[in-house]
Amino acid sequence: MNEVSTENRLRLLKQIRLRYEEDQNDLSSRERILYGHSSRPAVARYNYDGNRREEELSEGQPSSFRLRLAVALLLAAAVIFMDRNRISLAGITSDQVYGAISADYEEKLEEWASDRGLQPPT
């Protein structure tokens with residue numbers, strides 16, 4: 001069996017690292033297109049001489065997850081408070097809120113998708 005030279009091994013290693021970096025960049029680019037940001041933290045990059053260097057990916061907008069979570073928790077607490085105290089807010093009762101949450105919208109969504117020529121997932 002042929003022995004592979006060190007130079008060929010280094011070339012192969014560089015090629016693998018470059019391919020990995022390209023794949024990570026493609027994935028990060030797709031995430032920015034779809035979600036407006038990339039969830040990827042620092043990615044290991046390699047110089048052509050094989051030395052590793054860390055590079056931070058540029059962050060898009062800061063995440064609004066905490067704000068959305070706080071609003072959702074406040075709304076849930078408000079609905080529970082309305083239910084326990086039998087309060088209606090702007091003519092909306094907690095029973096109406098529960099009904100809207102538990103309603104099955106699958107048929108309406110399928111109709112909407114078919115009107116626009118979209119295929120529902122199978």
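Buried means under 20% relative accessible area, exposed means over 50%, and partly exposed is whatever falls in between (1.4 Å probe, protein chains only). This is a predicted model, with local features requiring pLDDT of at least 70 and side-chain atom pairs counted only at pLDDT 80 or more, while totals for chains, interfaces and linings use all residues. Residues are numbered from 1 along each chain as its sequence is written, and side-chain values use heavy atoms, with hydrogens and water left out.

View 1. Going along the sequence, the elements come in the order α-β-β-α-α-α (DSSP runs numbered from the N terminus: helices are H or I with at least four residues, strands are E with at least two). Of the chain's 122 residues, 11% count as buried. The accessible surface is about 10,900 Å², and carbon and sulfur atoms own 56% of that (Shrake-Rupley, 1.4 Å probe; for residues, only the protein chains shown count as cover). Take the contacts (heavy atoms within 4.5 Å) with a separation of 6 or more: 15% of them join residues 24 or more positions apart.

**View 2. Helix α1, residues 6-35.** From first C-alpha to last, the 30 residues of α1 reach 43 Å, close to the expected 44 Å (1.5 Å times one less than the number of residues). E21, Q24, S28 and E31 of α1 are buried. As background, an α-helix has 3.6 residues a turn, so residues three or four places apart point the same way. After α1 comes G36, with a positive phi near 85 degrees.

**View 3. Helix α2 against helix α3.** Here α2 (residues 65-85) meets α3 (residues 94-102) at about 130 degrees, with the two axes 9 Å apart (axes are lines fitted to C-alpha atoms, for helices over the stretch in contact; angles run from 0 to 180 degrees between N-to-C directions). That makes the pair oblique (under 35 degrees is roughly parallel, over 145 roughly antiparallel, 65 to 115 roughly perpendicular, and the rest oblique). On the α2 side the contact uses V79, I80, M82 and D83, and on the α3 side S94, V97 and Y98. Sorted by type, the contact residues are 5 nonpolar, 1 polar and 1 charged (nonpolar is Ala, Val, Leu, Ile, Met, Phe, Trp, Tyr, Cys and Pro; charged is Asp, Glu, Lys and Arg; the others, Gly among them, are polar).

**View 4. R86 and A90 in the loop between α2 and α3.** R86 follows α2, and despite not being a glycine it has a positive phi of about 50 degrees. With a relative accessible area of 61%, R86 is exposed. A90 isn't a glycine either, yet its phi is positive at about 55 degrees. A90 counts as exposed, at 78% relative accessibility. For context, most residues other than glycine have a negative phi.

**View 5. S88, in the loop between α2 and α3.** At 43% relative accessibility, S88 counts as partly exposed. Leaving aside residues up to four places away in sequence, S88 touches M82 and T93. M82 is also one of the α2 residues in the contact with α3.
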